[in-house]
Amino acid sequence: MHFSFLLSFALLFAIASGHADHRDQVPLDYVRFPEPIYRGSNGEVTADAIFSGITTFAKLPWVQCLTRERHIPFDIAFIGAPFDTGTSYRPGARFGPAGIRAGSRRLTLYGGYNVPLGVNPFNSGLRIVDCGDIPVTPYDNKFAIQQIEDGHKALLQREAYSPLGNDTMTGQKLSPISLDGKVHPRVITLGGDHTIVLPLLRSIYSTYGPISVIHFDSHLDTWKPSVFGGAPSHQAAINHGTYFYWASQEGLIKNGTSIHGAIRTTLSGLEDYDNDDNAGFKRIEAREIDTIGTDGIIKKIRETVGDGPVYLSIDIDSIDPAFAPATGTPETGGWSTRELRTILRGLDGLQIVSADIVEVAPAYDTNAELTTMAAADVLFEVLSVMAKTPLGKVVVE
Ligand SMILES: [Mn+2]
């Protein structure tokens, strides 16, 4: 094959010149934009492809989107942001991207068809890739936060591979919802602690302007630095409990159309809720699952965010530690993995421009990989919702 020839040539050249350039490394079983991984019963692909080889998210093709393959377009990209130096309690989310990828290995074993949503995101015509990780320094938070913003922007500000389709419900022509009128790809970020959402929202703002946020978390994360962390320095004031405070101060969040789900943290006092109101959020308490159920929660979310562009941020600690123990600040009394997945499927049809999952710290996981599997499966629902809904609004004639 032409490409393999070029690749072999590049590798030979690297070896011959004694210059083992990192950029020349590719996974051992690397296949560019393969046919759907599972091809029925003709024996071309066997189950061992799921547990052998180098692991990307859901065994998707690895594209070096930030370096030598920046010319390759895509529709949805997974990218890691291995940052955990904004954590208040248990560190370790820098290993989140690697852990989530390991937990995602089996997503396509049977083909990846999502029965309740009626879609196979891996076979939906979209080009979905794993871009690897944004390089993030563990020594300097200010620098790292800039790296994350730059890395995310470098992906988001490109044009998508596929042209915008028609509205899935009405069949009418769609027009893009971005500020520059172009169709941009969607980025799913694997955290990292929750601090990364500040640079991610800065990137989102550059393409979509102020955004509605759906935030699943046991904690508010809108705390003022004086309340959370004490803010001994300006840099310390930006951490995984305050990033939404800063995002709101910077005008990145659309006030009044954002909402938290699964909240159950203790507070410094009820004034934390006043502060949260001021940051632009409504709240769904974790315990509301017992009264209004998943249907009621879905309804509240949809009524709050409407049909405009929305960013989705999922803290794995929204799930109960019985199901997802490996996280930075676990809180009991959370939702089950099943409940969160049901709620996510209830977002079907929303204009989710990008998403993340954060606070997965694999060192605290069970040997059964409960948390990283939960994280991967949660993202499978997000990916399925994205695959079903093109990012566009119906053109009004
Ligand atoms: Mn959080």
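The legends below accompany several close-up views of a predicted model.

**View 1. Overall make-up of the protein chain, which comprises 10 helices and 10 strands.** Of the 397 residues of the protein chain, 49% count as buried. Among contacts between residues at least 6 apart in sequence, 78% join residues at least 24 apart.

View 2. An α-helix has 3.6 residues a turn, so residues three or four places apart point the same way.

**View 3. Strand β9 with its partners β4 and β8.** Strand β9 is mostly covered, since 7 of its 8 residues are buried. It runs parallel to β4, to which it is joined by 3 bridges, and the bridge partner of T189 in β9 is D356. Strand β8 (residues 309-315) also runs parallel to β9, with 7 bridges joining the two, and here S313 stands opposite D356. Between β8 and β9 the chain crosses through helix α9 (residues 337-345), forming a β-α-β crossover that is right-handed.

**View 4. The largest nonpolar core, with A77, I357 and V382.** This core holds 104 residues, of which A77, I357 and V382 touch the most other members. Helix α10 (residues 370-388) supplies the largest share of the core, namely 12 residues.

**View 5. Backbone geometry at G192, K59 and E369.** Most residues other than glycine have a negative phi, and most peptide bonds are trans. The peptide bond from G191 to G192, however, is cis, with omega near 10°, and G192 is found in the loop between β4 and α5. K59 has a phi near 60°, a positive value in a residue other than glycine, and lies in the loop between α2 (48-51) and β1. With 26 C-beta neighbours inside 10 Å, K59 counts as buried. E369, which is likewise not a glycine, has a positive phi of about 55° and is placed in the loop between β9 and α10. Because 17 other C-beta atoms lie within 10 Å, E369 is partly exposed.

**View 6. Residue D277 in helix α7 (residues 271-278).** D277 counts as partly exposed because it has 14 C-beta neighbours inside 10 Å, a count that falls between the limit of 12 or fewer for exposed residues and that of 20 or more for buried ones. Although D277 and T222 are 55 residues apart in sequence, their C-alpha atoms are 9.3 Å apart in space.

Technical notes
Residues are numbered from 1 along each chain as its sequence is written. This is a predicted model: local features need pLDDT of at least 70, side-chain atom pairs count only at pLDDT 80 or more; totals for chains, interfaces and linings use all residues. Helices (H or I, at least four residues) and strands (E, at least two) are DSSP runs, numbered from the N terminus. Two residues are in contact if their C-beta atoms, placed from the backbone, lie within 7 Å. Two strands pair if DSSP finds at least two bridges between them. A crossover is right-handed if, with the strands pointing away from the viewer, the path from the first strand over the helix to the second runs clockwise. A nonpolar core is a set of buried Ala, Val, Leu, Ile, Met, Phe, Trp, Tyr and Cys residues joined through C-beta atoms within 7 Å.
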